[in-house]
Amino acid sequence: MHALTILKGKDFWTARRRLFAGVSPGRRPGRLPGGHIADRADLKKAITLCRDCLPKFSSAKAGYVTKRNLPFVSGRCDGCGHYTERGHLLVHHTLANLM
Ligand SMILES: [Zn+2]
């Protein structure tokens, strides 16, 4: 069984669409934040959390550490979905020394 491949024309892929094609869609509407973050933790993906959402995630239990050379990152919080200027980046401890 072959997977269905949808091809877009050259005029579809503008610079703006190419840029935003790599952006993660984030948490689905109606999905609880804990499930979304647990999925990211199971895949060992980096997690960005704002100051309010950070204490709700037990990072030590999931094996996550903060990078000391990246104290703050700006971006969308994986918990509440709001843009934050001073978010905390959490990475899995097995990948912490690779970045
Ligand atoms: Zn948040």
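In this predicted model, Val73 pairs with Gly87, its bridge partner in β4. Strand β3 covers residues 73-76 and runs antiparallel to β4, with 3 bridges between them. The two strands form a hairpin with 6 residues between them. Within this hairpin, Gly81 takes a positive phi near 85 degrees.

Strand β4 spans residues 83-92 and also pairs with β1. These strands are antiparallel and are joined by 3 bridges. Leu49 has His88 as its bridge partner in β4. Strand β2, residues 64-66, is likewise joined to β4 by 3 bridges. That pairing is antiparallel too. Here Tyr64 stands opposite His92 of β4.

The largest nonpolar core contains 11 residues. Its members are Ile37, Ala41, Ile47, Leu49, Cys50, Cys53, Phe57, Tyr64, Cys77, Leu90 and Val91. Leaving out residues up to four places away in sequence, Cys50 touches Cys77, Gly79, Cys80, His82, Thr84 and Gly87.

Helix α2 has a buried side and an exposed side. Ile37, Arg40 and Ala41 are buried in this helix. Viewed down the axis of α2, the buried residues fall within an arc of 100 degrees, so they line one face of the helix. The face turned away from the buried side carries the exposed residues Gly35, Asp39 and Asp42. Cover for the buried residues of α2 comes from elements including β1, α3 (59-62) and β2.

His36 counts as partly exposed because 17 other C-beta atoms lie within 10 Å, while a buried residue needs 20 or more. Apart from neighbours within four places in sequence, His36 is in contact with Arg27, Arg31 and Asp78. His36 and Val91 are 55 residues apart along the chain, and their C-alpha atoms are separated by 15 Å.

Just after α2, the backbone at Lys44 takes a positive phi of about 60 degrees. Lys44 is a residue other than glycine. This lysine sits in the loop between α2 (33-42) and β1 (47-49). With 15 C-beta neighbours inside 10 Å, Lys44 is partly exposed.

Helix α1 comprises residues 15-21 and includes Leu19. Leu19 is exposed, because 9 other C-beta atoms lie within 10 Å of its own, and a residue with 12 or fewer falls in that class. Leu19 and Pro29 are 10 residues apart in sequence. Their C-alpha atoms are 23 Å apart in space.

Conventions:
Residues numbered from 1 in each chain as written. Predicted model: local features only at pLDDT ≥ 70, side-chain atom pairs only at ≥ 80, totals over all residues. Helix = DSSP H or I, 4+ residues; strand = E, 2+ residues; numbered from the N terminus. Contact = placed C-beta atoms within 7 Å. Pairing = 2+ DSSP bridges. Core = buried A, V, L, I, M, F, W, Y, C linked by C-beta atoms within 7 Å. Arc of directions from axis to C-beta.
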